[in-house]
Amino acid sequence: MRCTRFLLILLLPASIVMGQAQDSIDKPLLMDYFQEQQYDLAIRYLEGIKPREAYGLGLLANAYYQNGQFPQAEKYYHLVLEKDSSHIQAHQHLGNIARQQQQPVVAFGHFTKLVALRPHNAAYYKQLSRVCENIVGLQDTAFHFLRRAYELNPKDVSVVTSMASELMLQKKNAAADSVLKAYYAIDSSQVSVIVQMVKLSFLEKQYGEAAIYGERLLSTNTVEPMACIYLAAAYLQMKKYDSCIRVHDRMVTIAQAAPESVMYYAAVAYAALGRYDQSNQMYMACIDMAKSKNLDSYYAGMADNFEQMKQYKNAIAHYDTAYYLFKDPMRLYGIGRIYDQSLRDPLKAKRHYQQYLKVAKPEGKNETSIHAYVKERVKTL
């Protein structure tokens, strides 16, 4: 038990271990609580002795934090910082809490302090970069910290992929290639890195290389969508139509589905092989995906917004598009209502109301009431 406690103490933040237990804390008892993850018992014990010094306050704050009681953890970590403004764990956990509460500026303050206290810790630069991404005007700063994290620890796969992605956005593909291949040379198993290499190879028109990396993923039954999209596109560019179709089929076999773009590439490949029936079947599947029923609600929602903004032509156009795609009679009613009530154009209102009455099959109390209203309204227009 003594050995276990000793190891646990080593795992605690340095500021806690080195602190002076001036609050008469029973450390062996408390370490047992932490080891067994009995944070509620640790809280009850520490609240009972009412610690006043940074060491005891830090333990109590940590117990609340580990127990998921963040408001109490915040309270005590702030008390810790009043005693010790350089308390590592206090800044770390307060920064984490601020991020969870969507307060990136507050998190930025704590993580900046950590970087100042530990200027050679790559993890602190990484989390500071993540926070800067969510603060207006600090996107360039985010990349500065990300690059520093990479310089300090080029073996962190999440930093490697973020660096490569950002460099590609900046059109610095050669630099992105160097970052990815340096990591790949030491670890060729990371899916996230291989995905980026497939994408980058395609963007650089290195289609054969994209195929090599993409096939490496498929060989392990990994069907990461972005990689498969670029892999299928690469085969299409190389006129390897059977291979393009095979990417689609593998995705369906392994993941039971393929992205719309992969289906489209397969349709093009079937056509190039003269297999027009299969190509048309694939095109129809693409059309069905594009015509998601949710789109009707999206168009109708936008139409309603334009109507509220008194942009009636835009509203009518969106209702008209929704009806053209999905044939919901309620969209014809919406157009007729705008002509009737807002634009005061009885002829157009009547025409759309009549079209609505021809195709409407009202369901539910609301639609039945609307149908009855329109029948009576048409008589007076």
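**Figure 1. Surroundings of Cys-244 in the predicted model.** Leaving aside residues up to four places away in sequence, Cys-244 touches Ala-232, Tyr-235, Leu-236, Tyr-265, Ala-266 and Ala-269. Cys-244 lies in helix H16. With a relative accessibility of 0%, Cys-244 counts as buried. The C-alpha atoms of Cys-244 and Gly-214 are 12 Å apart in space, while the two residues are 30 apart in sequence. The model shown here and in the other views is predicted.

**Figure 2. Helices H15 and H16.** The axis of H15 comes within 7 Å of the axis of helix H16 (residues 241–255), and the two cross at roughly 160 degrees. Because angles over 145 degrees count as roughly antiparallel, H15 is roughly antiparallel to H16. The crossing of H15 and H16 is left-handed. On the H15 side, the residues that meet H16 are Pro-225, Cys-228, Leu-231, Ala-232, Tyr-235 and Leu-236. On the H16 side, they are Tyr-241, Ser-243, Cys-244, Arg-246, Val-247 and Met-251.

**Figure 3. The largest nonpolar core.** This core has 67 residues, and those that touch the most other members are Val-160, Met-163, Leu-180, Val-198, Cys-244 and Val-247. Helix H15 (residues 225–237) supplies the largest share of the core, nine residues. A second, separate core has 26 residues, among them Ala-61, Leu-81, Leu-94 and Ile-97.

**Figure 4. Contacts of Leu-180.** Which residues does Leu-180 touch, if those up to four places away in sequence are not counted? They are Val-160, Ala-164, Val-193, Gln-196, Met-197 and Leu-200.

**Figure 5. Helices H7 and H9.** Helix H7 (residues 88–100) packs with helix H9 (residues 122–132) at an angle of about 30 degrees, and their axes are 12 Å apart. Because angles under 35 degrees count as roughly parallel, H7 is roughly parallel to H9. H7 and H9 form a left-handed crossing. Ile-88, Gln-92, Asn-96 and Arg-99 belong to H7, and they meet Tyr-124, Gln-127, Arg-130 and Val-131 of H9.

**Figure 6. The setting of helix H9.** Why is H9 described as largely enclosed by the rest of the structure? The description holds because nine of the 11 residues of H9 are buried. The buried residues are Ala-122, Tyr-124, Tyr-125, Gln-127, Leu-128, Ser-129, Arg-130, Val-131 and Cys-132. These buried residues pack against H7, helix H8 (104–117), helix H10 (139–152) and helix H11 (157–169).

Figure 7. Asp-340 is placed in helix H21 (residues 329–342). Is Asp-340 buried or exposed? Asp-340 counts as buried because its relative accessibility is 6%, and the cut-off for buried is under 20%. Apart from residues up to four places away in sequence, Asp-340 touches Ala-349, Tyr-353, Tyr-373, Arg-377 and Leu-381.

**Figure 8. Confidence along the chain.** The protein has a mean pLDDT of 89, and 93% of its residues reach 70 or more. Where is confidence lowest, and where is it highest? Confidence is lowest in helix H1 (residues 2–11), with a mean of 36, and highest in helix H12 (residues 173–184), at 97. Over residues 1–21 pLDDT stays under 50, and for this stretch the model has 26 contacts beyond four places in sequence.

Conventions. Residues are numbered from 1 along each chain as its sequence is written. This is a predicted model: local features need pLDDT of at least 70, side-chain atom pairs count only at pLDDT 80 or more; totals for chains, interfaces and linings use all residues. Side-chain values use heavy atoms; hydrogens and water are left out. pLDDT is the predictor's confidence in each residue, from 0 to 100. Helices (H or I, at least four residues) and strands (E, at least two) are DSSP runs, numbered from the N terminus. Contact means heavy atoms within 4.5 Å. A nonpolar core is a set of buried Ala, Val, Leu, Ile, Met, Phe, Trp, Tyr and Cys residues joined through side-chain atoms within 4.5 Å. Buried means under 20% relative accessible area, exposed over 50%, partly exposed in between (1.4 Å probe, protein chains only). Axes are lines fitted to C-alpha atoms, for helices over the stretch in contact, and angles run from 0 to 180 degrees between N-to-C directions. Angles under 35 degrees count as roughly parallel, over 145 as roughly antiparallel, 65 to 115 as roughly perpendicular and the rest as oblique. A crossing is left-handed if the near helix is turned anticlockwise from the far one by less than a right angle, and right-handed if clockwise.
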